[in-house]
Amino acid sequence: MTERLIVVGSGVAGLTAALAAHARGLDVTVITKSLLTESNTRYAQGGIAAVTADDDSVSSHVADTLRAGAGLSEPTSAEAVCAAGTETVAELIAAGVRFDVSDGRLARGLEAAHSRARILHADGDATGAAIVGALVARALEAGIDVREHTMVADLLVRDGRVHGVHLLDGEQLDTDAVVLATGGAGHLYPYTTNPAVATGDGLALALRAGAVLADVEFVQFHPTSLAVGGNVLVSEAVRGEGAVLRDVHGHRFMLDVHPDAELAPRDVVARAIARQMAVQNGAPVHLDATALGADFLARRFPTIDATVRGRGIDWSVEPVPVTPAAHYVMGGVATDLWGRTSVPGLLAVGEVAWTGLHGANRLASNSLLEGAVFGRRVVDGLIEQSASSTPTLTSGEEPIVLRAAGADRWCGRDDIQQLAWEALGLEREGALLDRALQTLTTWQVASPTDVKSAEDANLLLVARAVAAAALAREESRGAHWRTDAPDVARSVRHSFVRWEA
Ligand SMILES: Cc1cc2nc3c(=O)[nH]c(=O)nc-3n(C[C@H](O)[C@H](O)[C@H](O)COP(=O)(O)OP(=O)(O)OC[C@H]3O[C@@H](n4cnc5c(N)ncnc54)[C@H](O)[C@@H]3O)c2cc1C
């Protein structure tokens with residue numbers, strides 16, 4: 001029987017889970033590493049994908065999701081998430097999110113690989129901030145117990161069951177169940193769109209607690225982040241509205257790469273830019289939004305407009321330099337459709353979780369929806385199905401087992417990030433992955449006494465998991481591109497990784 005719940009993380013997934021649990025009478029504590037408002041969610045620009053128009057359908061949203069997933073998405077997960085779109089949007093509106101409207105109806109944008117205009121946004125390009133603002137207000141109003149600036153350093157496990165959390169300051173909190181909602185791992189790489197809190201903690205916590213990770217080799221790189229003054233994301237929606245990519249000579253090179261040009265799947269665009277940059281000796285390519293006009297850019301993309309102009313660039317008259325950056329981890333802690341992991345008492349939702357939705361590549365704007373849908377489902381599962389047995393995870397290969405082994409060299413975050421960029425980045429190669437994995441096995445970080453070193457220890461473990469899964473996947477599929485195995489394998493399989501202390 002679950003009466004007490006600890007939710008780790010305060011993005012869309014964690015806040016939705018906390019509010020749903022509170023509404024169902026559970027005693028909830030939210031623990032979050034920084035401010036309650038700080039998370040990947042806060043920076044989400046483009047919007048949230050959901051079927052809200054008469055000319056759209058759940059089956060079309062599912063089909064787009066499965067197509068983007070390149071054969072590796074789980075249809076049951078896609079159906080559960082897409083079918084809940086309308087209701088989830090209604091719940092967010094009821095919670096106070098004010099999505100943009102046009103002619104009295106929800107304004108819907110089109111994004112890469114969506115066959116319908118179904119992306120809702122708020123305050124133009126500040127959708128995530130609007131969602132966080134509303135959910136935080138509801139959580140505070142409800143009096144939910146919140147602990148900010150508090151890092152969960154480990155999970156407490158007894159007799160194979162998670163029964164609490166160990167905080168970095170040494171305190172231990174007991175509970176009936178823990179929901180990991182710790183978000184992504186962008187800081188595994190030196191170039192990322194993610195805020196500083198995204199250091200893959202949840203993946204490492206889950207591994208050390210005995211849980212299985214799935215498909216962690218699939219990391220999405222956003223094709224267009226600013227190449228000046230930090231990798232601030234320039235949303236897909238800018239290309240959706242008509243901006244184009246040009247090389248140093250002004251040539252629109254994406255026309256030579258894919259029939260959908262700038263609106264091709266993210267990984268295709270990101271790799272094409274990376275290759276073009278290599279041809280240009282590392283110089284960034286340019287995003288040309290000049291045809292959209294200053295008024296439209298300021299109205300439709302107020303945040304990006306202010307950021308770009310803050311870097312001294314008037315993007316209504318000159319193209320902006322852009323580079324790919326690590327953006328989203330498709331894999332994660334393997335869960336069933338109720339957020340349950342392979343370890344009793346441990347649940348996972350949002351970006352840290354693998355539900356099978358995203359497959360080998362995430363469809364743009366599906367992650368906010370996934371976080372909100374599973375944030376609710378995890379609580380429904382806890383309450384309504386608490387008597388059922390261990391969840392059945394998608395079966396497949398035997399998990400790859402990582403072990404603690406003879407680490408004899410100190411490393412810092414820069415070392416991990418550099419190695420990840422070179423070996424685990426946009427293009428991978430078997431021999432390089434093998435070497436990277438061996439190197440990672442010999443590395444260790446200073447004992448985790450402060451946030452930075454605790455995060456680095458987590459990043460090191462996550463890097464090993466990604467390297468091992470990427471090495472084992474001898475094919476190119478979705479966001480995972482192997483130069484030594486450029487074809488898609490005929491058999492479709494998930495990859496699983498676990499840790500043995
Ligand atoms: C710049 C940017 C733009 C994006 N745009 C879109 C978009 O338009 N549409 C879309 O669908 N998706 C978008 N995404 C992806 C989407 O924002 C995320 O996938 C989603 O918000 C993840 O939500 P979450 O609740 O799982 O995690 P997050 O929102 O990342 O929240 C994680 C939380 O966990 C906390 N935390 C982490 N580790 C610990 C620890 N050890 N102890 C305590 N707390 C911890 C963090 O502080 C944070 O509060 C974007 C992402 C970025 C970075």
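Author: One term is needed before the rest: pLDDT is the predictor's confidence in each residue, on a scale from 0 to 100. The model is predicted.

Reader: What pLDDT does the chain average, and over which residues is the pLDDT below 50?

Author: The average pLDDT of the chain is 94, and 98% of the residues score at least 70. Where pLDDT is low, the predicted coordinates should not be read in detail.

Reader: Which residues come nearest to the ligand, and how many residues are around the ligand?

Author: Thr-41, Gly-46, Gly-47, Glu-351 and Ser-367 come nearest. By class, the shell has 13 nonpolar, 20 polar and five charged residues. Helix H1 (12-23), helix H2 (40-43), strand S17 (320-329) and helix H12 (366-384) each contribute at least two residues to the shell. The number of residues around the ligand is 38.

Reader: What distance separates a nitrogen atom of the ligand from an N or O atom in the side chain of Asp-201?

Author: A polar contact requires a pair of N or O atoms within 3.5 Å. For Thr-41, a side-chain N or O atom is 2.5 Å from a ligand oxygen atom. Ala-181 uses a backbone N or O atom, which is 3.4 Å from an oxygen atom of the ligand. For the side chain of Asp-201 and the ligand nitrogen, the distance is 2.9 Å.

Reader: What percentage of the area that the ligand exposes when taken alone does the protein bury?

Author: Taken alone, the ligand exposes 1,000 Å². The part of this buried by the protein is 98%.

Reader: How far apart are the C-alpha centres of domain 1 and domain 2?

Author: Domain 1 covers 224-325 and domain 2 covers 394-500. Their contact takes six residues from domain 1 and six residues from domain 2. The distance between their C-alpha centres is 30 Å.

Note on methods:
Residues are numbered from 1 along each chain as its sequence is written. This is a predicted model: local features need pLDDT of at least 70, side-chain atom pairs count only at pLDDT 80 or more; totals for chains, interfaces and linings use all residues. Side-chain values use heavy atoms; hydrogens and water are left out. A residue is near a molecule or strand if one of its heavy atoms lies within 4 Å of it. A polar contact is a pair of N or O atoms within 3.5 Å; within protein, one must be able to donate a hydrogen and the other to accept it, and residues adjacent in sequence count only if both atoms are side-chain atoms. Accessible areas come from the Shrake-Rupley method with a 1.4 Å probe; for residues, only the protein chains shown count as cover. Helices (H or I, at least four residues) and strands (E, at least two) are DSSP runs, numbered from the N terminus. Ala, Val, Leu, Ile, Met, Phe, Trp, Tyr, Cys and Pro count as nonpolar, Asp, Glu, Lys and Arg as charged, and the others, Gly among them, as polar. Domain bounds come from an automatic or database domain assignment. Contact means heavy atoms within 4.5 Å.
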